[in-house]
Amino acid sequence: MKQSMKKAALVLMLALAVLLVPQWSNTALAVTTPSDITTGSDLPPAPPLPTPPAKGEVVISGAKTVRGGEKLTFSVTIDGKTVPNSDLEWTLYPADASLATIKSGVITTKRVAYTHYVQVSAALKSDPSRYANFRLCIAPGVKKITVSAPTMYVDLSGSKTLQLKATCDPEDAIADVTWSSSSSKIATVDASGLVTARKTGKVTITATAKDGSKVKGRITLRVVSGVTGLTIEGAGSVAAGKSITLKAVMTPADATEKGVVWSVDCDKSIASISQSGKLTTKKVSAITTITVTAVSKQNSAIRATHTVTIRPVTTGLAISAPRLTIDLASPTLQLTAKCIPEDASQQVAWSTSNKRIATVDANGLVTAKKVGKVTITAKATDGSGRSAKITLTVGSAVGTLEIRGASAVAQGKTITLNAVITPATATNQKVIWSVDCGKDIATIDRHGRLKAGKGLTAPVTITVTAVSAENSTITATRTVQILPPVTTVAISAPRNYIDVDGEDKTLQLTARVLPEDAAQSVTWSTSNKRIATVDANGVVTALKAGTVTITATATDGTGVRAKFTVKVQKTVKSLTISGAAKLGGGQSTTIKATILPKDAANQKVIYSLNCPASVATISTSGVLTTKNVTEITTVTVNAVSAENSTISATWTLVIYPKTTKLTLTAASSWINVGASVQLHVSATPETAQMPIRWRSSNTRVATVDANGVVRGLKAGTATITVRTTDGSNKRASLRVTVGIPATGVVITGNRIVRAGATLRLMATVQPANATVKRVTWAVNCPASVATISGDGKLRVSANAETQIILVTATVNDGQRVSAAYPVYIQGKAPVPPTPTTPEAPEK
C-alpha cells in the first residue's frame, strides 16, 4: 500500500514538472516517468554505451549517484577544456528545493526516503543554445546492513572459504560496501565478501556502506579445524551395575569441534550413556555385550563404535608372583592378577608406588630400576573398585665379602673393622662377626667394633671372621695382632715447606712410633685438601700456596697422634727495585721492591746504602731520607731477599744540593693574544737539582706548560709562578699581560698655534680593539719653546719664535708603536714656511 502511494505521488509531481520545463532548441529533455523511478527492489535501467562528444559539444562530468543529504560537484568541458562556472547557467529539473538545489555546479541534495532522479542542465551564458543535460540519481542513505552467510564457521580442513552477502536497508539505497576483517591472521576477506580462513579462532567481518553514511554490518565467524576421524578409548568390559567413562578421540588432535553424540544399542534396562561418555550399566544375570556409538556433532558421517562387555561385578582380586625380590642383574618379574568370580572381567590396571625403584606395564611385568622397596597395585577396571597390592624388594645378591681396617690393636683399646660387600648394590649388607679367641683376649660386636683385652703378658694374634647374613657360604677373615699401646708418635721431614712452582711438589714425611714393639702403622690426614694432600705412606703433594697441618694417628686404637706443619709456597725467583732517580737534599722517597713471582710467600727485603748516614739513610720499609748536601752526591741502594740472600738488586740515586733561590725572567712581559713567550728560570746554587712545577693564576688569560712556555689566550693579566719540588719550597713569579697589540697611532688636531697659546691634540690607537689605548706624548723642542701634558695639551711659550716642532705619541703597551705630528708655531716671523712632515722615528 505504501509503495503504491509513493508511486502515485511521483507521477503527480513529474506531470507538473513537465509543464514547467524550459524549451531548449538543440536537445530533447528526458522526463522522469514512474517507470524510471527505482522503488522496492527495482533497478535503474542499464545506461547506454558512452559515445565520444562531438567537437564543440558541451559535456557535464560528475558522479551519477549521490546519497541524499550530500553535496556533489559537477564540471563542464568543451573539447576537453574546463568551462568556468562564471560562464555557465545551472538549472535542475524538477526544480524542487526539498529535493536538491544547485549553485555554481555544486548540487546540494536533501535526505530522501526512496530513490529520485533529477536532470542537471548547464548552459553557456553567452550562448544559451549551447547546453548539456546530466541525469543524476539521488538515493536514500543506508540505515542498516545485514551480513549473512550459509554457515557461521569456516572449516580449515575443507574449502577454507565462505561467501558472505551484505543486504542494505532500504533496498533502493546505494548497496556498495567495503569488507574488512578484525584479524587477518585468522581470516581475510576480499572485495566481494569472500572469506578465506588462515588459522583457528574467532573473527569479525565488517561490511561498511560506501555511500558516506558509515553504516556498518557485522558477522562473527569461527574458523575451525574440521574432524576427519574419530575413535573411542576406554575399558572393554564393566561390572554389572557399575559405570565407566569412555573418551572420544578426534583426528586431527587440534580439531576445533570435538563434540560428539553418544548412544548405545541396548535397552535402558541394560545400560545407558550420558553425553559426557559415562556408561552406566544395570545388573545382568549373564555376560552381555553392547555397542557404544559416538557421532561427530560437526559431521554426522564421522562416527566410531566401541564394544563393551558387561560382566558380573568383581568381588575379589589376588596377585601372585614367583618371588618377592628382584635382582638388578635380572631386573624383571611377571605378576599375575586373578579376579573373582571367574566370569568377572579379568582386566586390571597396574600401578607402582615409586617409578624410580620399579615400573609395571599394562600386563603386570615389573622392571626394577634401583635398590629399594616398591608396592605394585592391581585394580579391577570393571568399576567395582576392587584392588590388591604386593610389596617387592629390589636389590642385588651378595657376591664377595672383604674385611678392611687396622691389622693391630693396643691392649685394652678398640678398633672398628669394616665389612665391604660387592656389589655395592647388594640388597642385604648385613654380616655376622666373630673372633677365634676367648672374651678375656678380645670381643667384637655386630658393628665390627673389636675390643682387645687388658693385662696380656705378650703379643697375641687373633682371627676375625665376617659371614654374609644373606649367604653363609660367603665369608671373609682378617688377622689382627694385640700389641702394647702406642705412647708416642713423632713426624720428621727433610724440610717444612714445598715449592709449589718447583718440579717436585712432594714432601716425604716419616712417622716414628714408640715403643718399638707397638703397632707401627699410622693413618695420615691433612687439615686442608685444597692446599695439600697426603697419601697412606706419608707423601705430601702440594696443590696451591698456603699452610697445612699433616697429622699421623696411631691405628691401634690409642688415638695417639702427631702433627707437622707444612708451608706450600712460591719461592722468590727474582728481585728488582725502583724509585726516584734524583732527589734534593733533605727530601725523602720510597724505594719499591718487586719480587717475582708476585705471590711468592716471603716478600720481605733487607735494604742498605753505600754512603754514611750524614748523606742518606734508609728504613726497613724502603723509605730513603737524604741530608742537606753541598755538592752533587751519588748513592747506591742495595736490596737483598730475606728468603734467599743470593737474590739482590741495586738502585742508583743522585742527591742534589737544596735550592735556596729561584729567579724567573722573560724577554717581554707582554704577550699578544694567540702568541707564546718562553720564561727562563734559574736556581741558586747552580748545582741544585731544581725540579720545578709551573702554574698560571688565570688560565683563561694565559697558560703555562711544563717547559715554561706561556701562551696568551685572551686580553688580561696573569701571574706565572714556578715552584721547586725538591723540598726547598722556593718560588718565583712574573706578571704577564696578554692583549691585542697596537698597530698604529693617528694624531688629530690643529697644525698651527700662536706663540703663548695652547693646542689640544688627540691620539687614536689602532686597531679599535687594541688592549692598551693610552699614549705618552713628547715634543722635539726645549721646554722654553713648548711643552705637552700627558693628556695631549700643547702649551707654547709666548717668546717662541716662528718654527715647526714635531709632536710624538707612543702607545704604552711596550711595543714602541708611535706617530709623529708636525705643528707650526706662529711667532715673530709673519710668513710661515710650508710645513713638512719629518720622518717618524722607527718603531
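Visitor: Which residue of β4 is the bridge partner of V59?

Guide: The bridge partner of V59 in β4 is T77. In general, strands of a sheet pair through backbone hydrogen bonds, either parallel or antiparallel. Two strands are said to pair if DSSP finds at least two bridges between them. Strands (E, at least two residues) and helices (H or I, at least four residues) are DSSP runs, numbered from the N terminus. Here strand β1 (residues 58-61) pairs with strand β4 (residues 75-78) in the antiparallel sense, over four bridges.

Visitor: On what kind of model does this reading rest, and how are residues numbered?

Guide: This is a predicted model, in which local features need pLDDT of at least 70 and side-chain atom pairs count only at pLDDT 80 or more, while totals for chains, interfaces and linings use all residues. Residues are numbered from 1 along each chain as its sequence is written, and side-chain values use heavy atoms, with hydrogens and water left out.

Visitor: What stands opposite T77 in β5?

Guide: In β5, T82 stands opposite T77. β4 and strand β5 (residues 81-82) pair in the antiparallel sense over two bridges. These strands form a hairpin with two residues between them, and D79 in the turn has a positive phi of about 55°.

Visitor: Which strands pair with β9?

Guide: Strand β6 (residues 88-93) runs antiparallel to β9 and is joined to it by six bridges; Y93 has Q119 as its bridge partner. A hairpin through six residues joins β9 to β10.

Visitor: In what order do the strands of the open sheet with β48 lie?

Guide: The order is β48-β55-β54-β51, four strands with mixed pairing. At the edges are β48 (497-499) and β51 (522-526), each pairing on one side only. The twist averages 25° from one strand to the next. For such angles, axes are lines fitted to C-alpha atoms, for helices over the stretch in contact, and angles run from 0 to 180 degrees between N-to-C directions. β48 runs parallel to strand β55 (residues 561-569), with three bridges between them; Y497 is partnered with K567.

Visitor: Is L575 buried or exposed?

Guide: L575 is buried, because its relative accessible area is 7%. This residue lies in strand β56 (residues 574-578). The C-alpha atoms of L575 and I647 are separated by 6.5 Å, although the two residues are 72 residues apart along the chain.

Visitor: Is A191 buried or exposed?

Guide: A191 is exposed, because its relative accessible area is 75%. A191 is found in the loop between β16 (187-189) and β17 (194-197).

Visitor: How many disulfides does the structure hold?

Guide: A disulfide is a covalent bond between the sulfur atoms of two cysteines. The criterion is a pair of cysteine sulfur atoms within 2.5 Å, and the structure holds zero disulfides. C611 is buried at 17% relative accessible area, and C781 is buried at 13%.

Visitor: What does the radius of gyration say about the chain?

Guide: The secondary structure of the chain comes to one helix and 81 strands. The radius of gyration is 62 Å, well over the 28 Å that the globule rule gives for 843 residues, so the chain is more spread out than a compact globule. This radius is taken over C-alpha atoms, and the globule rule is 2.2 Å times the number of residues to the power 0.38. Along the principal axes, the C-alpha atoms fill a box of roughly 170 × 155 × 35 Å. Of the 843 residues, 39% count as buried.

Terms used. Buried < 20%, exposed > 50% of the residue type's maximum accessible area, 1.4 Å probe, protein only.
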